[in-house]
Amino acid sequence: FEVELGPMSTLYGQVWWKDVPQVKIPDDIVNRFDGKGMAVVGYETDAVRKTPQGDISVPINMAYNHHHDAYITGKHSKMAKVPHDHTHPMPECAAGSNSEF
């Protein structure tokens, strides 16, 4: 299945680092896996430029982004910001992160 997010506009060399809005998984997928587990074994991302002739993939050297995260939760779960004990060291993999889930 495919989902789409956007538009996001940036300028050359600009850093864009913020949370994005929730993206809804298509109803047919939600209904198919209702009450069941779903294994997501991979996902792909593509930055596109919208044109009158259709979507055109943006070359990686024009819109470099290596931060692609996906959080998928079930219908009885939710994402929540939780307090962080700043005296406790952060795991090495989260160094520099200021989002706490």
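This is a predicted model: local features need pLDDT of at least 70, side-chain atom pairs count only at pLDDT 80 or more; totals for chains, interfaces and linings use all residues.
Residues are numbered from 1 along each chain as its sequence is written, and side-chain values use heavy atoms, with hydrogens and water left out.

**Stop 1: the whole chain.** Show the cartoon. The protein chain has 1 helix and 2 strands, in the order α-β-β along the sequence. Helices (H or I, at least four residues) and strands (E, at least two) are DSSP runs, numbered from the N terminus. Colour by accessibility next. Buried residues make up 3% of the 101 residues. Buried means under 20% relative accessible area, exposed over 50%, and partly exposed in between (1.4 Å probe, protein chains only).

**Stop 2: the hairpin.** Select residues 48–51 and 54–57. These are strands E1 and E2, paired in the antiparallel sense over 4 bridges. Strands pair if DSSP finds at least two bridges between them. E1 and E2 form a hairpin with 2 residues between them. Now pick the partners across the strands. Val48 stands opposite Ser57 in E2, and Arg49 faces Ile56 in E2. In a regular strand the side chains alternate between the two faces of the sheet.

**Stop 3: Lys75.** Move to the segment after E2, where Lys75 is found. Is Lys75 buried or exposed? Lys75 counts as exposed because its relative accessibility is 62%. The side chains of Lys75 and Asp34 are joined by a polar contact of 2.7 Å. Such a contact is a pair of N or O atoms within 3.5 Å; within protein, one must be able to donate a hydrogen and the other to accept it, and residues adjacent in sequence count only if both atoms are side-chain atoms. Then pick Gly35. Lys75 and Gly35 are 40 residues apart in sequence, yet 8.9 Å apart in space, C-alpha to C-alpha.

**Stop 4: Val3.** Go to the segment before helix H1 (27–32), where Val3 lies. Val3 counts as partly exposed because its relative accessible area is 47%.
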